[in-house]
Amino acid sequence: MAQPPYVPHAPGGAAPHYTSPPQRRGGWRAGRPGELAEGPQPAGDGFGHQGPDQGYALRLAKRFVPRLALQPGEKAADVVAGCVTVAIKRASLFGRAPVAADLQTAFDHWGYLDAGTPVEVVASRRALFAGAGGHDGYTVRSRIAEEVPPEALGAP
C-alpha cells in the first residue's frame, strides 16, 4: 500500500512498503480440535436433531401463526417453538433442511390447525407446551419432539 503524502518521510530513507511473509514449506491441513472426523453427527441426550439451515423453520413458522387454532391458556410463542422443534426433527430424519410440509405435519400432529380438536388433546398439549417459547425452554422443546415417534412424521 502506498504511503499517504501527508505522512512525513525519514530524511534520506525510503518509504516503507509491503513485503510478503516468508514462504511456508509443505502443505496445510485443518487440524482444529472442534472439527468432526468423517462419519455421522454425534447423537445422544442433549444433541437434538442435526441438519442444515434449521433456522429457516422459524421463518416458515411465521406463515402458520395466523392459522393457529389456539385455545384459552395457550400461547403462540410456545406453540411455534414446540412445533418448530418437531419440524426440525422431521427434516433431520429425511436428511435435509426444513420445508413448509415439515411444519404442516408438526402443527397437524398436535391439532393446532384444526378448531375441532378434542378437549382431552387440548388439555394434554397445553401442559406439554407450557414454557416452550421461553429462553429456558430447551428441555420442554426436547420433550415435545421426543413425544412424536418417527413413524408419525412419515420417516422413511
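Colleague: Into how many nonpolar, polar and charged residues does the lining of the largest pocket divide?

Modeller: This is a predicted model: local features need pLDDT of at least 70, side-chain atom pairs count only at pLDDT 80 or more, and totals for chains, interfaces and linings use all residues. Residues are numbered from 1 along each chain as its sequence is written, and side-chain values use heavy atoms, without hydrogens and water. Ala, Val, Leu, Ile, Met, Phe, Trp, Tyr, Cys and Pro count as nonpolar, Asp, Glu, Lys and Arg as charged, and the others, Gly among them, as polar. On that scheme the lining holds 4 nonpolar, 6 polar and 3 charged residues.

Colleague: What volume does the largest pocket have, and which lining residues are closest to its centre?

Modeller: A pocket is an open set of points on a 1 Å grid over the protein atoms alone where a 1.4 Å probe fits, with protein on both sides within 12 Å along at least five of seven lines; lining residues have an atom within 4 Å of a point. The volume of the largest pocket is about 290 Å³. Its lining has 13 residues, and the closest to the centre are Gly48, His49, Tyr138, Ser142 and Glu146.

Colleague: Which helix gives the largest share of that lining?

Modeller: The protein has 5 helices and 0 strands (DSSP runs, H or I of at least four residues for helices, E of at least two for strands). Helix H2 (76-94) and helix H5 (138-147) each supply at least two lining residues. The largest share, 5 residues, comes from H5.

Colleague: How far apart in space are alanine 145 and alanine 106?

Modeller: Alanine 106 is one of the buried residues of helix H3 (residues 100-109). In sequence, alanine 145 and alanine 106 are 39 residues apart. From C-alpha to C-alpha, their separation in space is 9.5 Å.

Colleague: Why do the buried residues of H3 line one face, and what is their arc?

Modeller: The buried residues of H3 are Asp102, Leu103, Ala106 and Phe107, and their cover includes helix H1 (56-61) and H2. The arc is taken over directions from the helix axis to the C-beta atoms. These residues line one face because, seen down the axis of H3, they fall within an arc of 125°.

Technical notes. Grid points are joined across faces, edges and corners, and a volume is the space filled by probe spheres set on the points. Buried means under 20% relative accessible area, exposed over 50%, partly exposed in between (1.4 Å probe, protein chains only). Contact means heavy atoms within 4.5 Å.
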